[in-house]
Amino acid sequence: MIDLAATFEKFEDEWEFKKIDQALTGRSDVYAFLLLDKLLPGTGDLVDHAEHDEIWLGIDCEALAEVASEEDILSLVRCGVRYDDGDESLKMFV
């Protein structure tokens with residue numbers, strides 16, 4: 001199990017999508033959604049809610065910490081996904 005807050009912080013300066021090798025799509029948000037669905041398959045919407053220029057993702061962060069590798073988190077950061085340790089959630093700018 002990884003420490004999500006520490007791992008997201010470790011890679012916070014690695015946010016360039018073009019650094020992802022062999023991305024399945026050219027769209028960073030779609031790639032992030034595909035990766036999250038691969039890690040935590042589900043049937044509900046990935047976008048939990050939106051406010052102003054941000055979206056919050058409907059991801060169980062404890063479950064993600066149990067299945068994600070540091071490489072997975074690096075890919076998410078490169079897609080623009082951020083971890084908010086205040087409310088323990090994932091979010092993205094739109």
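Buried, in my notes, means under 20% relative accessible area, exposed means over 50%, and partly exposed sits in between (1.4 Å probe, protein chains only). I'm working from a predicted model, where local features need pLDDT of at least 70, side-chain atom pairs count only at pLDDT 80 or more, and totals for chains, interfaces and linings use all residues. Residues are numbered from 1 along each chain as its sequence is written, and side-chain values use heavy atoms, with hydrogens and water left out.

**Entry: salt bridges**

I counted a salt bridge when a side-chain nitrogen of Lys or Arg is within 4 Å of a carboxyl oxygen of Asp or Glu. How many salt bridges does a search of the whole structure find? It finds eight.

I looked up Glu-14 and Arg-78, whose side chains meet in one at 3.1 Å, N to O. Glu-14 lies in the loop between α1 and α2 and Arg-78 in helix α4 (residues 70-78), so this pair ties together parts that are 64 residues apart in sequence. My helices (H or I, at least four residues) and strands (E, at least two) are DSSP runs, numbered from the N terminus. Is Arg-78 buried or exposed? Arg-78 is buried at 14% relative accessible area, while Glu-14 is partly exposed at 26%.

I then followed the links and found Glu-14, Glu-16, Lys-18, Lys-19 and Arg-78 joined in a network of salt bridges.

Next I checked Lys-91 and Glu-54, which meet at 3.8 Å, N to O. Lys-91 is in strand β4 (residues 89-93) and Glu-54 in strand β2, so the pair ties together parts 37 residues apart in sequence. Lys-91 is buried at 12% relative accessibility, and Glu-54 is buried at 13%.

I take two strands as paired if DSSP finds at least two bridges between them. β1 (residues 47-51) and β2 pair in the antiparallel sense over four bridges. Which residue in β2 does Ala-50 stand opposite? I found Ile-55 there. The hairpin has two residues between the strands, and His-52 takes a positive phi near 55 degrees.

**Entry: a nonpolar surface patch**

For patches I used residues with over 30% relative accessible area and no salt bridge, joining like charges within 9 Å and nonpolar side chains (Val, Leu, Ile, Met, Phe, Trp, Tyr) within 5 Å. Areas come from the Shrake-Rupley method with a 1.4 Å probe, and for residues only the protein chains shown count as cover.

Leu-24, Val-30 and Leu-34 form a nonpolar patch with about 290 Å² of accessible area together. Leu-24 sits in the loop between α1 (4-10) and α2 (28-39), and it is exposed at 70%.
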